[in-house]
Amino acid sequence: MTAGPQSGERPVVSDAEAGFEVGEDFERFSQKDDVFCRSFWDPEVRTSRSDMFYETYRTPELRWRPVEGFTRRDYALRNASWHVTDLFAEFREGVDRREGFLDPYTVLRDGPGPPDESDEPEEVLAARLAVDLKTAARALGADLIGITGYDERWVYTHAYSRETETEKPQELPGDLGNVVVIAQAMDRKLVQTVPSALSGTATGVGYSSDTVVLLAIAQYILNMGYAAAPTMNDTALAIPLAIKAGLGEYGRHGLLITREYGPRVRLGKIFTNMPLAHDRPRRFGVRETCEVCRACSDACPPKAIAMDAPSDRVYNISNIRGVRKWTTDAEKCFRFWSNQNTDCSICVRVCPYNRDYSRRLSRIWRWMAGTGLRRLALWLDRLSGRGRRVAPDTWWGGTRLVGLNVAPGRGAQENRRKLRTE
Ligand code: SF4
Ligand code: SF4
């Protein structure tokens with residue numbers, strides 16, 4: 001029985017099948033160069049605004065703005081949505097770990113012993129365990145799940161230490177040959193309110209649900225007698241693994257686009273030695289649609305999304321080298337986030353794949369976008385107004401804040417809020 005490819009080997013699914021174009025000049029990425037890590041150690045990225053951006057997630061004296069979507073209740077909800085994932089991230093900060101963001105999760109119990117003996121052929125065992133794992137994962141709350149092989153190219157060369165603000169060794173064992181990738185759906189109605197602090201709730205709920213589901217699936221694997229390293233934003237790039245695991249395709253905005261939720265997902269992955277049959281990439285016309293659509297690049301306020309064809313251009317050290325693709329300028333994107341004091345997902349909101357696929361019309365639209373009718377599909381999408389922003393007050397149920405005065409330095413008595421039901 002083997003566990004799949006070992007460290008350095010390539011998995012069964014080829015790059016061509018997944019739509020990857022990886023050049024000779026490819027270089028693996030170190031998490032230290034991720035723009036969020038750079039916002040701590042790199043003066044090119046770290047500013048008083050970026051410090052403030054992080055502070056709004058923690059400090060009670062938030063400087064909320066007198067603009068709907070950025071008021072106290074919006075930040076209160078957004079920060080509450082991050083609470084579970086924050087607890088796990090901060091649990092072992094004393095030993096220089098930020099689990100889920102910079103380090104794998106470790107809050108797991110030991111399994112009860114080695115796996116059961118099996119005389120099944122290797123492929124049969126891997127197929128059976130994969131079916132069981134997917135059934136278990138859905139029961140534990142996974143919205144989407146796929147399986148692929150370990151591919152060292154997407155694993156960060158080094159982890160990042162927040163304490164020393166430099167690289168630290170990658171701790172992933174080299175004998176975990178399979179990767180289970182999950183995607184958790186983000187709330188569509190919250191995403192419709194972006195730009196707003198309120199919309200960041202969709203991100204926080206996605207991460208908190210990712211945390212819970214990743215830990216539960218990893219514990220299932222441990223209980224079955226195998227090893228498991230659950231990881232969220234840490235350890236490896238998620239999107240190439242997700243594409244190979246059949247969860248979706250790559251979009252112009254640099255995000256995964258899934259058939260089931262479009263780009264509205266948060267990803268997590270579990271490295272394991274459980275023998276598992278691999279999934280294959282699923283294409284449904286995203287690349288061809290992105291070639292004729294510019295909804296995200298047109299709508300992006302700082303113009304951080306590529307308007308032209310895929311290329312191996314890099315904007316700064318936060319881009320991986322040697323992969324031909326649509327690349328976003330992470331510095332511009334993050335600066336915009338900092339300046340508006342919350343994360344942004346305008347590119348997700350406007351993307352025509354961002355739909356409710358429980359509706360038949362959305363499924364018909366997706367089918368059209370996968371055929372020669374895609375220009376018509378895009379025209380219909382624009383005509384429908386689907387990607388328009390919904391006012392945060394409308395999301396709150398029609399209550400509006402009137403006469404709000406929240407300028408910093410004013411007393412609480414001055415901050416009169418009059419609720420009016422529309
Ligand atoms: S998140 Fe916002 S700023 Fe960043 S690429 Fe998307 S639209 Fe642009
Ligand atoms: S908005 Fe259009 S171009 Fe951008 S990722 Fe979505 S489909 Fe592709």
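Author: Start with ligand 2: α10 (286–292) and α11 (295–299) each supply at least two residues of its shell. Helices here are DSSP runs of H or I with at least four residues, strands are runs of E with at least two, and both are numbered from the N terminus. Keep in mind that this is a predicted model, where local features need pLDDT of at least 70, side-chain atom pairs count only at pLDDT 80 or more, and totals for chains, interfaces and linings use all residues. Residues are numbered from 1 along each chain as its sequence is written, while chains are lettered from A and ligands numbered from 1 in the order in which they are written.

Reader: Which residues come nearest to ligand 2?

Author: A residue counts as near if its C-beta atom, placed from the backbone, lies within 6 Å. There are 13 residues around ligand 2. By class, that shell has eight nonpolar, three polar and two charged residues. (Ala, Val, Leu, Ile, Met, Phe, Trp, Tyr, Cys and Pro count as nonpolar, Asp, Glu, Lys and Arg as charged, and the others, Gly among them, as polar.) The ones that come nearest are G251, C290, C293, C296 and C351.

Reader: And how many charged residues does the shell around ligand 1 have?

Author: Ligand 1 is surrounded by 13 residues, and the closest are C300, C333, C344, I346 and C347. Both α12 and α13 (346–350) supply at least two residues each. By class, the shell has ten nonpolar and three polar residues, and the charged ones number no residues at all: none.

Reader: Are α3 and α12 roughly parallel or roughly perpendicular to each other?

Author: Helix α3 (residues 48–55) and helix α12 (residues 330–340) pack with their axes 8 Å apart, at an angle of about 65 degrees. Axes are lines fitted to C-alpha atoms, for helices over the stretch in contact, and angles run from 0 to 180 degrees between N-to-C directions. Under 35 degrees counts as roughly parallel, over 145 as roughly antiparallel, 65 to 115 as roughly perpendicular and the rest as oblique. So α3 and α12 are roughly perpendicular.

Reader: What are the edge strands of the open sheet of four strands?

Author: The order in this sheet is β2-β5-β9-β6, with antiparallel pairing. Two strands pair if DSSP finds at least two bridges between them.
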